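Please look over the sequence and the structure shown here before reading on. The briefing that follows is arranged by topic.

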Amino acid sequence: MAMYTNMFIHSSLPGPLKNINDVSATGNTVTVYWPQAAKSVDKYIIKYRIKGSSDDWKEKETEKIFIEIPGLDDGETYEFQVFYEDAGKEMVYTEIREFSVPSVTTTAPAPAPTPTRKTAPPIAPKTDEKPKGTGQSPPPSPPGKVARKKGLSGGAIAAIVIVIILLVLIAVDIFCCFFNQCGVTHMCAAACAGKKREKYNVDGSPEEGTKLKERDEDGKEDPEV
């Protein structure tokens, strides 16, 4: 960042100088606004310093018609002046404007609360002693809440599996009873009806002496068979 002397700032140029439009502050950041130049310029240069100081001027560059300058001292009055650069030549553009940065007020922290002394709660009388003269013990205190177990136990799961297997076996036996004339259900039905049950060889033919006789239309056995 280049520094410039006061003599360079106040160099005289032909024509009236413009005025800085506005200066505002947010905390320690100051924003400076100035009018647009009548012709196209390469850039604007804002120079500033504390009023009445012998320090060199600080500067910032921008192509806009405003600029933010952070980090200024609160409560100090600053001088601002705008220049512009055209074809490599720097020319003064505005008059010097003064602006005071507002002071930042700090609030004292609130005092810490005074700790208060805690008193112990009164001791409750014992209730588990047997009342005198009644001959009866006081009712027991209600049991605490017992957390419920989540999920099924191993015995419940085994019982469910056994029931499912039994249901499957019964279904298969009923199927064999109706379609293959075999199975426990078929045997029970034949025994209840007093019917003989045929026995079969390996090749599927009925064993000798176990073949059932055919029946006529009235349901009687045909003696000729």
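**Overall architecture**

From the N terminus on, the elements of the protein follow the order α-β-β-β-β-β-β-β-β-α-α, which comes to 3 helices and 8 strands; helices (H or I, at least four residues) and strands (E, at least two) are DSSP runs, numbered from the N terminus. This is a predicted model, in which local features need pLDDT of at least 70 and side-chain atom pairs count only at pLDDT 80 or more, while totals for chains, interfaces and linings use all residues. Residues are numbered from 1 along each chain as its sequence is written, and side-chain values use heavy atoms, with hydrogens and water left out.

- Of the 225 residues of the protein, 20% count as buried, where buried means under 20% relative accessible area, exposed means over 50%, and partly exposed lies in between (1.4 Å probe, protein chains only).
- The accessible surface of the protein comes to about 18100 Å², with 57% of it belonging to carbon and sulfur atoms; accessible areas come from the Shrake-Rupley method with a 1.4 Å probe, and for residues only the protein chains shown count as cover.
- Among the contacts in the protein with a separation of 6 or more, 54% are between residues 24 or more positions apart, a contact being heavy atoms within 4.5 Å.

**Strand β6 and its partners**

- Because 7 of its 10 residues are buried, β6 is largely enclosed by the rest of the structure.
- β3 and β6 pair in the antiparallel sense over 8 bridges, two strands being paired if DSSP finds at least two bridges between them; within this pairing, Arg49 stands opposite Glu79 in β6.
- Strand β8 (residues 97–100) runs antiparallel to β6 and is joined to it by 4 bridges, and the bridge partner of Glu79 in β8 is Glu98.
- Strand β7 (residues 89–92) is likewise antiparallel to β6, with 4 bridges joining the two, and Tyr84 stands opposite Met91 in β7.
- β6 and β7 form a hairpin with 2 residues between them, and Ala87 in the turn has a positive phi of about 55°.

**Nonpolar core**

- The largest nonpolar core has 20 residues, of which Val30, Val32, Tyr44, Ile69, Leu72 and Phe80 touch the most other members; such a core is a set of buried Ala, Val, Leu, Ile, Met, Phe, Trp, Tyr and Cys residues joined through side-chain atoms within 4.5 Å.
- At least two residues of this core are supplied by each of β2 (29–33), β3 (43–50), β5 (66–69) and β6 (77–86), and the largest share, 4 residues, comes from β6.
- Leaving aside its neighbours within four places in sequence, Leu72 is in contact with Asn28, Val30, Tyr48, Tyr78, Phe80 and Val101.

**Aromatic rings**

- A search of the whole structure finds 6 aromatic pairs, and one aromatic cluster is formed by Trp34, Tyr44, Tyr84 and Tyr93; rings of Phe, Tyr and Trp (its six-membered ring) pair if their centres lie within 6.5 Å.
- The charged end of Lys47 sits over the ring of Phe83, 4.2 Å from its centre, the criterion being NZ of Lys or CZ of Arg within 6 Å of the ring centre and within 35 degrees of the ring normal.

**Thr185 in helix α3**

- Thr185 is found in helix α3 (residues 184–193) and is partly exposed, with a relative accessible area of 34%.
- Leaving aside its neighbours within four places in sequence, Thr185 is in contact with Asp173, Ile174 and Cys177; Thr185 and Ile174 are 11 residues apart in sequence and 6.3 Å apart in space, C-alpha to C-alpha.

Note on methods: Rings of Phe, Tyr and Trp (its six-membered ring) pair if their centres lie within 6.5 Å; planes under 30 degrees apart count as stacked, over 60 as edge-to-face and the rest as tilted.
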